[in-house]
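The sequence and the structure follow.

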Amino acid sequence: MARRKKIYEGKAKILYEGPEPGTIVQYFKDDATAFNAEKHDVLDGKGVLNNRLSEFFMLGLNQIGVPTHFLKRLNMREQLVRSCEIVPLEVIVRNYAAGSMAKRLGLEEGQALPRPMVEFSYKDDALGDPLVPEEYIISFGWASQQDLDDIVALALRVNDFMSGVMYGAGIKLIDFKIEFGRVYEGEFMRLIVADEISPDSCRLWDIETGAKLDKDVFRRDLGSLTDAYTEVARRLGVLPANTGAPKPTLIN
Ligand code: C5P
């Protein structure tokens, strides 16, 4: 059997060369990491959940005209995506103060922000993905001003879409991280949403109880991460075929 070529292995995913030029197979691992991989565990089924959830969000975005790398799901853990040149930025959108922002500014977690705020970190594990201002991004050539304007506009559309979808499932979207890639079509370059959108890269709180349904469950030892992700998937009607299938009920 021919061996496929591994292009990259990250903390939560592996990328393989796809079947056609310009495509990549994205494999979701069960590994959970936090604090720049200082904390690590393997959680049975996490990859399956994130594969499904990322498919769900990317398909929805494609449908409302926000271009993404997603092409199709291949199996439980793999999806086919468009290959693109990743912009070396983590684009973070925040609706409520939490995490590093709450810590940096001494804000209470959950405090509503005056408006959705977009910030950028430079993608570099060795440096711990430092927060960077636009000035750095443009001066160092990581993205142009036009790219940044497009990225902010797209990130805010993703925020509106994700906030609405989550609201419908009784979940508050506190913040999230996305990444963008460049694809070239003839003389033109287009930015698309790449990587993944899953509870690994969002903060999701139950609207009623405030319970956390995202990776903070793992970061802060709050219980079972896969239970939390399964709950998100269940509420969105996105459950992997072999999980949570209704059991036959005996009728007297
Ligand atoms: O830690 P911080 O508060 O800056 O994270 C903001 C959001 O970005 C959170 O939803 C977090 O899960 C996500 N994030 C991520 N990957 C990182 C850093 C943050 O997905 N490397």
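Which of the 15 residues around the ligand come nearest? They are Glu90, Arg94, Ser100, Asp175 and Arg203; a residue counts as near when one of its heavy atoms lies within 4 Å of the molecule. The model is predicted, so that local features need pLDDT of at least 70 and side-chain atom pairs count only at pLDDT 80 or more, while totals for chains, interfaces and linings use all residues. Residues are numbered from 1 along each chain as its sequence is written, and side-chain values use heavy atoms, with hydrogens and water left out.

Polar contacts (pairs of N or O atoms within 3.5 Å; within protein, one must be able to donate a hydrogen and the other to accept it, and residues adjacent in sequence count only if both atoms are side-chain atoms) include the following.

| Side chain | Ligand atom | Distance |
|---|---|---|
| Glu90 | nitrogen | 2.9 Å |
| Asp175 | oxygen | 2.6 Å |
| Arg219 | oxygen | 2.9 Å |

On its own the ligand has 450 Å² of accessible area (Shrake-Rupley method, 1.4 Å probe), and the protein covers 79% of that area. Two or more residues of the shell come from each of strand S9 (89-96), helix H2 (99-105), strand S12 (171-185) and strand S14 (202-206); helices (H or I, at least four residues) and strands (E, at least two) are DSSP runs, numbered from the N terminus.

Elsewhere, strands S4 (residues 31-34) and S5 (residues 39-42) pair in the antiparallel sense over four bridges, pairing requiring at least two DSSP bridges. Ala34 has Lys39 in S5 as its bridge partner. Four residues separate S4 and S5 in this hairpin, and Phe35 in the turn has a positive phi of about 50°.
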